[in-house]
Each structure stands twice: as C-alpha cells, then as structure tokens.
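Visitor: I would like to go through this entry with you. Could we begin with the rings and move on from there?

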Amino acid sequence: KIQKLLFLGSGGSGKSTFFKQLKVIHGNGFTNKDRRDYAAQIENQIISQMQKLIIRGRELIEDYGQDKYGNLEIKSSEGLDSASYIELLGTSIDFNKEVAN
C-alpha cells in the first residue's frame with residue numbers, strides 16, 4: 001500500500017537531504033549522473049562561500065579598521081594571488097587538480 005506524506009519546511013531546512021538519505025539507505029543509491037551533479041553543486045558552493053569570506057573580510061577591515069580586523073588581511077603574495085583567482089571564478093567552473101593547486 002502506498003502512503004502519501006506532505007513534507008513541509010522552509011528553504012534550507014533539509015527536506016531534500018532527508019529524501020536523499022532515504023534513497024541511500026533504502027534505495028539503490030545514487031546514479032553516476034547524480035554523483036556528478038552533486039559533486040558540481042558542492043564544488044560551486046565551496047567556491048561561492050570562499051568568495052564571500054574574502055569579500056566580507058575586506059569589508060570588515062574597511063568598515064572597522066586594521067586595529068579590530070587586521071588579522072583578516074591576506075598578506076602573503078601567494079594568498080593574494082589565490083584570493084584574486086577565487087574572486088574571479090564564476091559560479092560554474094571546471095574544478096580539477098590544476099585549479100586546486
């Protein structure tokens with residue numbers, strides 16, 4: 001017998017995650033396409049959050065000064081190069097070992 005369930009919740013509350021877990025536990029797992037899609041989503045989220053951290057760190061330094069948030073400043077040339085590169089990345093990129101290095 002098929003049971004129906006209305007599953008309500010705001011965005012980000014875990015509705016999709018719940019059903020993905022059910023699929024892993026009680027189903028046949030994820031297809032290769034599902035895995036590729038999820039990997040791309042995760043990579044894009046990581047890059048997006050890194051961009052936000054870089055931008056917000058700079059904003060805090062500008063708004064409140066070096067005395068309070070100077071520890072957020074990126075000082076090494078390698079760090080500055082990496083931050084600049086991350087800021088330039090689009091939301092959909094081909095992320096690979098070369099990009100990671």
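Visitor: Which residue lies over the face of Tyr64?
Guide: Lys68 does, at 5.6 Å from the ring centre. A charge sits over a ring if NZ of Lys or CZ of Arg is within 6 Å of the ring centre and within 35 degrees of the ring normal. Please note that this is a predicted model, in which local features need pLDDT of at least 70 and side-chain atom pairs count only at pLDDT 80 or more, while totals for chains, interfaces and linings use all residues. Residues are numbered from 1 along each chain as its sequence is written, and side-chain values use heavy atoms, with hydrogens and water left out.

Visitor: How many aromatic pairs are there?
Guide: The count comes to 4 aromatic pairs. Rings of Phe, Tyr and Trp (its six-membered ring) pair if their centres lie within 6.5 Å; planes under 30 degrees apart count as stacked, over 60 as edge-to-face and the rest as tilted. One of them joins Phe7 and Phe18, a stacked pair at 5.0 Å centre to centre with 25 degrees between the planes.

Visitor: Where in the chain do Phe7 and Phe18 lie?
Guide: Phe7 is in the segment before helix H1 (15–26) and Phe18 is in helix H1, 11 residues apart, so the pair links distant parts of the chain. Helices (H or I, at least four residues) and strands (E, at least two) are DSSP runs, numbered from the N terminus.

Visitor: Why is the pair of Tyr64 and Tyr69 tilted?
Guide: The pair is tilted because the planes stand at 55 degrees, with the ring centres 5.9 Å apart.

Visitor: Is Tyr64 buried or exposed?
Guide: Tyr64 counts as exposed because its relative accessibility is 51%, whereas Tyr69, at 23%, counts as partly exposed. Buried means under 20% relative accessible area, exposed over 50%, and partly exposed in between (1.4 Å probe, protein chains only).

Visitor: Back to the phenylalanines: which residues do ring pairs link into a cluster?
Guide: Phe7, Phe18 and Phe19. Phe7 is partly exposed at 34% relative accessibility, and Phe18 is also partly exposed, at 38%.

Visitor: Changing topic, how many helices and strands does the protein chain have?
Guide: The protein chain has 5 helices and 0 strands, in the pattern α-α-α-α-α along the sequence.

Visitor: What share of the residues counts as buried?
Guide: Of the 101 residues of the protein chain, 13% count as buried.
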